[in-house]
Amino acid sequence: MTLTLALDIGGTKIAVGLVDQDGRLVHRAQLPTPDGDAETVWAVVEKLLGETTQTAGAAATGVGVASAGPIDLPSGTVSPINITQWQHFPIVERVARVTGLPVRLGGDGLCMALGEQWCGAGRGAQFLLGMVVSTGVGGGLVLDGAPYDGRTGNAGHVGHVVVAPEDGDLCTCGGHGCVETIASGPSMVRWARRHGWDGTDAKALGDAAAQGDEWALKAFGRGARAVAATIASVGAVCDLDLVVIGGGVAKSGALLFGPLRAALADYAGLEFLRGLRVLPAELGGDAGLVGAAALARG
């Protein structure tokens, strides 16, 4: 059996897996992303990679790496916003040294999209946007059936599409009015609290919305419209046929997807956009690993 080693690096967890030729995750291990300096974070990655490489033996033929961004494909480095210790960290070189295998790097949003296209809600889609709506908003593009990296590897980073240009909040990217400032879980919570809701986190906001709380429902509606505007814009530019949405906020189900689909009907007025489908992701937290393996397999 041929296996691909997959690595998924994020601000809260680091996961490693082995994926077979049919996209099945046959081995998985995970540890929290530690505090500390760059080498402290790398030590966790190295431990997981070493153990998983031993498990795979000679069956592993390559490594796919999904990383929070920004990434830099030409140099093989990553500078994740949510792992501040890593600035231009040489992830490709380090992973190759530990595993002795060829390495392919991709953004976590791109790998999520590839995973869903291979084995999830986007099976067979040729023009796909994968979105993650959670603590932040991320994304990746599959165009004409192939991953689209862009010049530096950061194409599809749709969380920073500007949807509120006049009075938008300051974003972590340094811009204003990005969809992330409206639709991410923390952003919806902040907006609801400004209007009198007294909860503390996105889960509580979802629970309150499910129970009919006015401001919680309005927060979800506002976030859904921002996501719909983003989808309509990216759909028009890339001529998409499918959008797959995952992440913690997307787990709220109809609270997000109901108003999102209604708003998309308003925004997507062009005839070629009217058939654009929006579906919830199927692979959950495994999408990045499966997609990283797909990337490495080419």
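**Note on the predicted model**

1. In this predicted model, strand β1 (residues 3-9) runs parallel to β4 and is joined to it by 6 bridges, one of which involves L7, whose partner in β4 is V65. Helices (H or I, at least four residues) and strands (E, at least two) are DSSP runs, numbered from the N terminus, and two strands are taken to pair if DSSP finds at least two bridges between them. Residues are numbered from 1 along each chain as its sequence is written. The model being a prediction, local features need pLDDT of at least 70 and side-chain atom pairs count only at pLDDT 80 or more, while totals for chains, interfaces and linings use all residues, and side-chain values use heavy atoms, with hydrogens and water left out.

2. On confidence, where pLDDT is the predictor's own score for each residue from 0 to 100, the protein chain averages 93, and 100% of the residues score at least 70. Among the elements, α8 has the lowest mean (93), whereas strand β6 (residues 77-78) has the highest (97).

3. Strand β4 (residues 60-67) also pairs in the parallel sense with strand β7 (residues 103-107), over 5 bridges, and here the partner of S67 in β7 is G107. Of the 8 residues of β4, 7 are buried, a term that means under 20% relative accessible area, with exposed over 50% and partly exposed in between (1.4 Å probe, protein chains only).

4. Helix α9 (residues 287-297) holds A293, and 9 of the 11 residues of this helix are buried, including L289, V290 and L295. A293 itself has a relative accessible area of 0% and is therefore buried. Not counting residues up to four places away in sequence, A293 touches T4, A6, V19 and W118, contact being heavy atoms within 4.5 Å. After α9 comes G298, whose phi is positive, near 75°.

5. Helix α1 (residues 38-56) and helix α2 (residues 91-99) pack at an angle of about 35° with their axes 10 Å apart, and α1 passes α2 in a right-handed crossing. Axes are lines fitted to C-alpha atoms, for helices over the stretch in contact, and angles run from 0 to 180 degrees between N-to-C directions; a crossing is right-handed if the near helix is turned clockwise from the far one by less than a right angle, and left-handed if anticlockwise. Among the residues that meet here are W42 and L49 of α1 and I91 and V95 of α2.

6. An open sheet of 5 strands has the order β10-β9-β8-β11-β12, with mixed pairing. The edge strands, each pairing on one side only, are β10 (146-148) and β12 (277-280). Strands β9 and β10 run antiparallel and are joined by 3 bridges, with V142 partnered by P147 in β10. Helix α7 lies across β8, β9, β11 and β12, at about 155° to β8, while α8 lies across β11 and β12, at about 170° to β12.

7. Leaving aside neighbours within four places in sequence, L260 is in contact with A224, V227, A228, I231, I245 and V278.
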